[in-house]
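Colleague: I'm new to this one. Walk me through it, please.

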Amino acid sequence: MYSNCATDGDGGGDNRKHESIEMCKDLSHAPISQPNPSTNSDNKQQLVKIQQLPERGSWSSKLDFILSVVGLAIGLGNVWRFPYLCYKNGGGAFLLPYILTLFLAGIPMFFMELALGQMLTIGGLGVFKIAPIFKGIGYAAAVMSCWMNVYYIVILAWAVFYFFMSMRADVPWRTCNNWWNTVNCVNQYERKNLPCWDKIINGTTKKVCSVAAVNITSSELTDPVKEFWERRALQISNGIEEIGNIRWELAGTLLLVWILCYFCIWKGVKWTGKVVYFTALFPYVLLTVLLIRGITLPGALEGIKFYVIPNFSKLTHSEVWIDAVTQIFFSYGLGLGTLVALGSYNKFTNNVYKDALIVCTVNSSTSMFAGFVIFSVIGFMAHEQQRPVAEVAASGPGLAFLVYPSAVLQLPGSSMWSCLFFFMLLLIGLDSQFCTMEGFITAIIDEWPQLLRKRKEIFIAIVCILSYLVGLTCISQGGMYIFQILDSYAVSGFCLLWLIFFECVSISWCYGVDRFYDGIKDMIGYYPTVWWKFCWCVTTPAICVGVFFFNIIQWTSIQYLDYSYPWWAHAFGWFTALSSMLYIPGYMVWLWKRTPGDLCQKIRAIVRIDEDVSQLREKMQSEAYAKEVEFDSL
């Protein structure tokens, strides 16, 4: 019994495990002459009870951790948003605000969250024992993670649907001869052969074309790719007022992705660390294959020029800088508690500083690499359609489900290239999805370990089932309108900026940046450069506040194409946004009123605690031990 304790070689990540080890050592060194039978029995009973709580777990190797964080940070935004933002905001010139923001806010917060989790070896709720009045940040992040889990995985369900639809001799969006097509459908690559002429209509000269013996204006023309997306995949209704029926094909693909997500995390981080060897690395193989094919296409060079040639006049526009900030914060997975959770499974002495710099370098490099992949294909499309690249470029779902499917129509072996692209989207998005789920699960289980750790697999299954049921609203015929509401409100940039601002202030100003640096030195053996102190105290909070208010000032009501949402849809959107944001001030007020004492006593108890990191770790360990004994005695 005691030999297992003595030979444990884990070395970190699980405080409760090491408390049991120390108890084993104490018992093994206790005097053995004339033991008191009743005392010995009580000690053994207590030991058995404490060891009944399953281990929290830790990474099997450093590479498991690195690949998991890479998988989280590299998601759909790297592929379908960053390249478009480069083009939209001045090409290569966009790299200036991007890199500045990266060093002033992105990397500092990435490093802070990983270090915070590793320092206290606990999830996104428990870490705020470092500044108790800010625990509402943990609850806000958990709520926002729930919205993110429901919203993000819908994109993966669409990708899986397209993947299955591509597994045939030819892709189904090539022609206009399908049951879902309308009379206005004409392939983009065939429009140059249509008989067209100019005609004055209501005093305006418009281009009119003859399609199937019917004269229609060029603006009324649609193409098979767009009609497949709207009329076959989504079967979209006329507005959010018409939710319509559930798209059962999409319900099936959504269920499949949730099952994949469940089995990626159900056994804890040791299992997750093995899954990411495939989900984090294989997309690079697919991206490289797509790049090699892309740059060999005619017109690819023109597309790449649009991507990289700088237009410095764009830097005078405020939206360029706002785009840089929001792209970095979303791309790096900040503010959701996920990085805290992943870091908490590290050994205490792991060099988290070096890890953060490595992952940030890989993330931004991947974004730039993906830009060459995407714009080589967009340049080819523009060449084939004889249109400017500016008219072809798109971002978000428009790029994944309209632009790229249109591009593969001109490639030999269209089905194969389509399958590769959508399989890559699935892998890139899947590890971001299950790592975000892991962050949420870790935060909740660490908060109530006695209740949930033994039932972790069941708890994860319940979360997945509930999230799936809520997500069905996004794959109904009116689901795209709900999806856009969640995108623009629940997981919007201003919600994230709100969370990150308070998170940064809680550590740098309330707990104290010097004491936090001391904790980092205890972990890695030296103090990092003073630059990160400056960023945590000054630049990162300032950037969050500035961009937050810019977002509010420049706020415009969302639309989906030409559809304007009713007032109650916007009200629902604000409810989803405030459901996370209000946790922070609400918890502050509640805890302040609940805490006894005068002003100074309250500040020392819940705002700026007296303990340094080592004292705080000891306090948390004793509290966890006491809770286990109390729970087991019930």
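Colleague: Let's start with Asp170. What is its relative accessible area?
Modeller: Asp170 has a relative accessible area of 31%, so it is partly exposed. Buried means under 20% relative accessible area, exposed means over 50%, and partly exposed lies in between (1.4 Å probe, protein chains only).

Colleague: What should I know about the model itself?
Modeller: It is a predicted model: local features need pLDDT of at least 70, side-chain atom pairs count only at pLDDT 80 or more, and totals for chains, interfaces and linings use all residues. Residues are numbered from 1 along each chain as its sequence is written, and side-chain values use heavy atoms, with hydrogens and water left out.

Colleague: Back to Asp170. Which residue does it meet in a salt bridge?
Modeller: Arg174. The N to O distance in that salt bridge is 2.6 Å. A salt bridge here is a side-chain nitrogen of Lys or Arg within 4 Å of a carboxyl oxygen of Asp or Glu. Arg174 is partly exposed too, at 24% relative accessibility.

Colleague: How many salt bridges are there in the whole structure?
Modeller: The search finds 14. One of them joins Arg56 and Asp446, at 2.6 Å from N to O. That pair links distant parts of the chain, 390 residues apart. Arg56 is in the loop between α3 (37-51) and α4 (62-73), while Asp446 is in helix α19 (residues 414-447). Helices are DSSP runs of H or I with at least four residues, strands are runs of E with at least two, and both are numbered from the N terminus.

Colleague: Are those two buried or exposed?
Modeller: Buried. Arg56 has a relative accessible area of 8%, and Asp446 has 10%.

Colleague: Which other residue is in a network with Arg56 and Asp446?
Modeller: Arg453 is linked with them in a network of salt bridges. Its closest N and O atoms with Asp446 are 3.2 Å apart. Arg453 is buried, at 7%.

Colleague: New topic: helix α12. What is its span?
Modeller: Its end C-alpha atoms are 20 Å apart. Helix α12 covers residues 282-295, and its 14 residues should span 20 Å, so the two agree. The expected span is 1.5 Å times one less than the number of residues.

Colleague: Which residues of α12 are buried?
Modeller: Pro283, Leu286, Leu287, Leu290, Leu291 and Gly294. Down the axis of α12, these buried residues fall within an arc of 140 degrees, so they line one face of the helix. The arc is taken from the directions from the helix axis to the C-beta atoms.

Colleague: Which elements do they pack against?
Modeller: The buried residues of α12 pack against α11 (269-279), α13 (300-308), α16 (352-385), α18 (397-407) and α19. Contact means heavy atoms within 4.5 Å.

Colleague: Last topic. How many disulfides are there?
Modeller: Two. A disulfide is a pair of cysteine sulfur atoms within 2.5 Å. Cys176 is joined to Cys185, with S to S at 2.0 Å. That link is left-handed, with -65 degrees about the S-S bond. Cys176 is partly exposed at 24%, whereas Cys185 is buried at 8%.

Colleague: What about Cys196 and Cys209?
Modeller: Their sulfur atoms are 2.0 Å apart and form a disulfide. The link is right-handed, with 105 degrees about the S-S bond. It ties Cys196 in strand β1 (residues 196-201) to Cys209 in strand β2 (residues 204-211), 13 residues apart. Cys196 is partly exposed at 29%; Cys209 is buried at 2%.
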